[in-house]
Amino acid sequence: MAEPEGLDGVRLAELVGALSLGIDLGFGQPMEHVLRQCWIALRLADHVGLDQDQRSVVYYTALLTNVGCHTDAHEQAKWFGDDIELKADKYNYGLHGVRSAVAGFRRLGAGQPALQRFRVGLNFALSGHRELDGMINRHSALARSLAAEIGLPAAVQEAVAASYEQWDGKGWPGELAGEAVPIAARVSQLAEFVEVAHRSGGVDAAVVLARKLGGSQFDPDVAARFIGAAAEILDGLATASTWDEVITADPVLGRVLRGDAFDDALVAVADFVDLKSPYTLGHARAVAQLVELAGEDLGLPGESLRTLRRAGLAHGLGRLGVSNAIWDKPGRLGAGEWERVRLQPYFTERMLQQSAALQAIGAVAAQLRERMDGSGYPRGLSGAAITPSARVLGAADVYQALLEPRAHRPARSPEEAARELWAEVRAGRIDGDAAEAVLVAAGHRAKARRERPAGLTAREVDVLQLVARGLSSKDIAHELVISPKTARNHIEHIYVKTGVSSRVEASLFAIKHGLLAPTPT
């Protein structure tokens with residue numbers, strides 16, 4: 001498969017919008033919940049009478065409101081089971097009151113046998129609740145720090161930090177009330193809950209919610225403005241292309257990140273995503289460093305190398321859509337849990353594919369867990385169907401993960417990790433060249449690389465395998481996503497190098513030299 005071509009520029013709104021899709025999954029909501037929330041907030045801002053500068057603050061506040069809520073998913077799963085289901089409860093039972101408290105109590109020890117649930121509940125009552133003290137405060141503080149890291153102005157940072165404050169002063173951290181809460185936070189919070197109510201019950205349900213909580217959780221004036229124009233504000237929401245609508249609405253704060261600014265923003269997002277589990281802290285940074293060095297060693301062209309490094313940073317975004325009850329489970333995963341794990345690369349691709357600037361990164365990251373023998377996921381690709389960049393990314397992810405502790409095993413030493421990676425190569429799952437380049441990048445001694453017969457390149461071996469299967473140059477071009485002319489050039493070079501002049505002779509050469517296996521030799 002041909003290497004995807006990346007763009008060296010992304011709108012900040014696209015990057016934050018892509019991250020918001022993962023936040024949706026982390027709250028058990030369908031993708032684009034946050035984007036719809038942002039759209040509602042912008043329309044509501046018009047009815048409230050906010051100027052362009054204030055609308056800009058509303059825009060990014062809406063996109064970032066819940067961005068910190070995955071950062072203590074480890075503790076949430078430890079006490080309540082599925083952290084994603086726990087976070088979804090806020091839309092079903094609210095943030096306060098008896099119903100919310102009872103719902104939380106019922107989740108204590110969820111997924112455990114009865115006796116273990118009792119023990120979890122007792123431990124939580126005695127001391128465990130301290131782990132969650134100030135949890136929502138931390139969420140807003142961390143969201144504020146991310147807003148600062150990606151270069152958003154102070155007004156956005158302050159509004160994001162106040163996203164959980166309430167009109168009646170009973171929010172979090174409970175330092176603000178009434179008009180002291182930034183207007184962007186008041187508008188965004190109403191939009192968040194209205195989106196869920198509208199999706200489940202239509203305009204009437206959204207109006208009922210705003211009327212019920214206006215004056216307590218919500219600013220009564222903002223709630224009244226919404227109630228008076230609900231049908232207009234929500235018109236077309238269910239059928240619109242929300243991504244296009246929201247990105248097009250990117251206000252005056254919108255800017256394009258290029259070069260180092262693009263990379264720095266991706267690093268900030270990657271670090272933030274890695275906070276989801278104590279077992280993945282710093283994983284994306286380490287993988288990105290490995291793939292960059294390994295890609296240079298393999299001679300990847302500059303554009304492919306840049307995309308590969310960025311895919312190294314972004315490959316873990318899809319973890320947001322899988323519960324920490326799975327990621328942090330100390331025992332063996334069940335079949336259903338494995339099915340959720342297998343969705344991680346797919347989720348990553350879905351988060352990145354709507355942006356032209358992020359598509360190429362997502363295409364590489366989506367093949368993270370594909371394996372050369374076809375045993376990987378999510379699509380079961382094999383051999384030449386896996387891009388050279390994705391082969392490097394897969395090897396680097398395996399090696400770096402082995403160096404890190406996991407809930408079910410301790411960290412491996414560098415030597416042990418290298419042995420296990422080579423075992424994957426011998427089993428036909430990991431590309432040998434990619435594995436060696438990663439290990440050299442990690443400081444291991446290079447092995448004497450086995451030369452391919454007749455000086456064939458890795459790509460020429462891919463083409464030879466397809467020639468041997470009887471594919472025409474047109475079919476080969478389609479299979480490898482290259483032009484027919486490029487395929488013909490490869491075939492010509494293969495015939496010259498191997499001294500053959502027909503498909504049958506080329507097939508015999510491949511058989512004699514063991515080149516028909518799906519893994520490079």
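Modeller: Helices are DSSP runs of H or I with at least four residues, strands are runs of E with at least two, and both are numbered from the N terminus. The model is predicted, so local features need pLDDT of at least 70 and side-chain atom pairs count only at pLDDT 80 or more, while totals for chains, interfaces and linings use all residues. Residues are numbered from 1 along each chain as its sequence is written, and side-chain values use heavy atoms, with hydrogens and water left out.

Colleague: Where does Glu32 sit, then?

Modeller: Glu32 is in the loop between helix H1 (12–26) and H2. As for its backbone, most residues other than glycine have a negative phi, and most peptide bonds are trans. Phi of Glu32 is positive, near 85°. Glu32 counts as buried because its relative accessible area is 15%; buried means under 20%, exposed over 50%, and partly exposed in between, with a 1.4 Å probe and protein chains only.

Colleague: Which value does phi of Ala454 take, and is Ala454 buried or partly exposed?

Modeller: Ala454 has a positive phi too, near 65°. Its place is the loop between helix H23 (432–441) and helix H24 (458–468). Its relative accessibility is 36%, so Ala454 counts as partly exposed.

Colleague: Which residues does the cis peptide bond with omega near 0° join?

Modeller: That bond runs from Trp172 to Pro173, and Pro173 lies in the loop between helix H9 (154–161) and H10. Another cis bond joins Tyr377 and Pro378, with omega about 15°. Pro378 belongs to the loop between helix H20 (359–365) and H21.

Colleague: What does Arg36 touch?

Modeller: Contact means heavy atoms within 4.5 Å. Not counting residues up to four places away in sequence, Arg36 touches Pro30, Met31, Glu195, Arg199, Leu237 and Thr242. Arg36 is part of helix H2 (residues 33–48), and with a relative accessible area of 12% it is buried.

Colleague: What is Ala73 in contact with?

Modeller: Leaving aside neighbours within four places in sequence, the contacts of Ala73 are Asp83, Lys87, Lys276 and Asn324. Ala73 is in helix H4 and is buried, at 0% relative accessibility. The C-alpha atoms of Ala73 and Lys212 are separated by 30 Å, and the two residues are 139 apart along the chain.

Colleague: How many aromatic pairs does a search of the whole structure find?

Modeller: A pair of aromatic rings is described by the distance of the centres and the angle of the planes. Rings of Phe, Tyr and Trp (its six-membered ring) pair if their centres lie within 6.5 Å; planes under 30 degrees apart are stacked, over 60 edge-to-face, and the rest tilted. The search finds seven pairs. One of them, Trp79 and Phe124, is edge-to-face, with 5.4 Å centre to centre and 65° between the planes. Trp79 is in helix H4 (residues 73–80) and Phe124 in helix H7 (residues 114–132), so this pair ties together parts 45 residues apart in sequence. Trp79 is buried at 7% relative accessibility, and Phe124 is buried at 16%.

Colleague: What geometry does the pair of Tyr346 and Phe347 have?

Modeller: Tyr346 and Phe347 are tilted, with 6.1 Å centre to centre and 45° between the planes. Tyr346 is partly exposed, with a relative accessible area of 33%, whereas Phe347 is buried at 8%. Separately, Phe27, Tyr91, Phe193 and Phe218 form one aromatic cluster.

Colleague: How many residues does the largest nonpolar core have?

Modeller: A nonpolar core is a set of buried Ala, Val, Leu, Ile, Met, Phe, Trp, Tyr and Cys residues joined through side-chain atoms within 4.5 Å. The largest has 129 residues, and Tyr59, Tyr60 and Phe226 have the most contacts inside it. Helix H10 (residues 183–213) gives the most to this core, with 14 residues. A second, separate core of 19 residues includes Val467, Ala477, Ala487 and Phe509.

Colleague: How much space lies in the largest pocket?

Modeller: Rolling a probe the size of a water molecule over the atoms shows where empty space is left. On a 1 Å grid over the protein atoms alone, a pocket is an open set of points where a 1.4 Å probe fits, with protein on both sides within 12 Å along at least five of seven lines; lining residues have an atom within 4 Å of a point. The largest pocket holds about 1100 Å³, the volume being the space filled by probe spheres set on the points, which are joined across faces, edges and corners. Its lining has 32 residues, of which Trp338, Arg369, Ala401, Arg406 and His408 lie nearest the centre. H21 gives the most to this lining, with four residues.
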